[in-house]
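Reader: Show me the model, please. Then I will ask what stands behind the terms.

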Amino acid sequence: MLASASPRRRELVAYIAPELSFDSADIDETPSPHESPHDLVLRLALSKAQSVAKRHPRSLVIGSDTVISVGDTILGKPYDLTDFRRMMTLLSNTQHQVYTGVAVINTVSMRTLNKVLITHVNMGEISSQSALSYWQTGEPHDKAGGYAIQGIGGKYVKSISGSISAVIGIPIYETKELLTQVSE
């Protein structure tokens with residue numbers, strides 16, 4: 001059971017769990033004051049998994065969350081065009097970190113395992129006009145950091161160090177490992 005409505009996460013998890021079902025977790029994703037990106041994605045991944053686990057006994061439940069961090073600034077999904085432009089200015093010609101938390105709960109044994117991955121992404125220049133054109137495609141509207149590495153936004157990415165699937169939404173290899181361990 002995937003605790004997410006994200007089509008990207010569903011597609012990725014289906015590679016390792018073909019019998020996948022999903023149920024969206026409706027939780028407050030607001031960062032706590034002074035909460036680190038690591039702690040935020042871990043808390044949200046666990047909260048999503050726990051919320052859905054209550055509704056689905058006798059299941060393996062997967063929760064995941066992703067945020068972008070530029071220095072001390074956490075970038076979630078852009079609220080509007082102004083927020084998106086702020087994000088693109090921060091990301092342009094810099095390296096940022098993508099934090100992805102994943103939590104797996106075995107609702108029978110109540111065993112819970114989790115992991116946070118950090119992927120480093122180097123971006124090229126993003127001009128104001130290019131950012132506006134990208135916004136108008138609609139792709140950035142529901143993406144952490146305002147871009148999709150697997151989509152049009154990939155044209156701004158110079159290089160990455162870490163898990164591409166974690167940047168897209170959930171680390172496939174690590175999730176497979178957590179599912180195996182929680183089932184033992």
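Predicted model: local features only at pLDDT ≥ 70, side-chain atom pairs only at ≥ 80, totals over all residues.

Author: Residues are numbered from 1 along each chain as its sequence is written, and side-chain values use heavy atoms, with hydrogens and water left out.

Reader: How many helices and strands does the protein have?

Author: The protein has 6 helices and 5 strands. Helices (H or I, at least four residues) and strands (E, at least two) are DSSP runs, numbered from the N terminus. Their order from the N terminus is α-α-β-β-α-β-β-α-β-α-α.

Reader: What radius of gyration would a compact globule with 184 residues have, and what does the protein have?

Author: The rule for a globule is 2.2 Å times the number of residues to the power 0.38, with the radius taken over C-alpha atoms. For 184 residues that gives a value near 16 Å; the protein has 16 Å, so the two agree. The C-alpha trace spans about 50 × 35 × 25 Å along the principal axes.

Reader: What share of the residues counts as buried?

Author: Of the 184 residues, 51% count as buried. Buried means under 20% relative accessible area, exposed means over 50%, and partly exposed lies in between (1.4 Å probe, protein chains only). The accessible surface of the protein is about 9000 Å², and 50% of that belongs to carbon and sulfur atoms. Such areas come from the Shrake-Rupley method with a 1.4 Å probe; for residues, only the protein chains shown count as cover.

Reader: Why is Ile 149 called buried?

Author: Its relative accessibility is 13%, so Ile 149 counts as buried. The residue sits in the loop between helix 4 (128–136) and strand 5 (157–161). Beyond neighbours within four places in sequence, Ile 149 is in contact (heavy atoms within 4.5 Å) with Gly 154, Val 157, Ile 160, Ile 164, Val 167 and Ile 168.

Reader: Is Asp 23 buried or exposed, and what makes the case?

Author: Asp 23 has 19% relative accessibility, so Asp 23 counts as buried. Asp 23 is in the loop between helix 1 and helix 2. Its contacts, neighbours within four places left aside, are Met 1, Leu 2, Ala 3, Ser 4, Val 52, Arg 55 and His 56. Asp 23 and Val 52 are 29 residues apart in sequence, with their C-alpha atoms 6.6 Å apart.

Reader: And Pro 18: buried or exposed?

Author: The value is 70%, so Pro 18 counts as exposed. Pro 18 lies in the loop between helix 1 (7–14) and helix 2 (37–53).

Reader: What is the phi of Asn 93, and what is the phi of Met 110?

Author: Asn 93 has a phi near 55°, a positive value in a residue other than glycine. Met 110 has a positive phi of about 60°, and Met 110 is not a glycine either. Asn 93 is in the loop between helix 3 and strand 3 (95–106). Met 110 is in the loop between strand 3 and strand 4 (111–123). Asn 93 has 51% relative accessibility, so Asn 93 counts as exposed. Met 110 has 56%, so Met 110 counts as exposed too.

Reader: How many aromatic pairs does the structure hold?

Author: The structure holds 3 aromatic pairs. Rings of Phe, Tyr and Trp (its six-membered ring) pair if their centres lie within 6.5 Å; planes under 30 degrees apart count as stacked, over 60 as edge-to-face and the rest as tilted.

Reader: What makes the pair of Phe 84 and Trp 135 tilted?

Author: The centres are 5.0 Å apart, with 35° between the planes, and the pair is tilted. Phe 84 lies in helix 3 (residues 81–91) and Trp 135 in helix 4, so the pair ties together parts 51 residues apart in sequence. Phe 84 has 0% relative accessibility, so Phe 84 counts as buried. Trp 135 has 14%, so Trp 135 counts as buried.

Reader: Why is the pair of Tyr 134 and Tyr 156 called edge-to-face?

Author: The planes of Tyr 134 and Tyr 156 stand at 65° and the ring centres are 5.7 Å apart, so the pair is edge-to-face. Tyr 134 is in helix 4 and Tyr 156 in the loop between helix 4 and strand 5, 22 residues apart. Ring pairs link Phe 84, Tyr 134, Trp 135 and Tyr 156 into a cluster.
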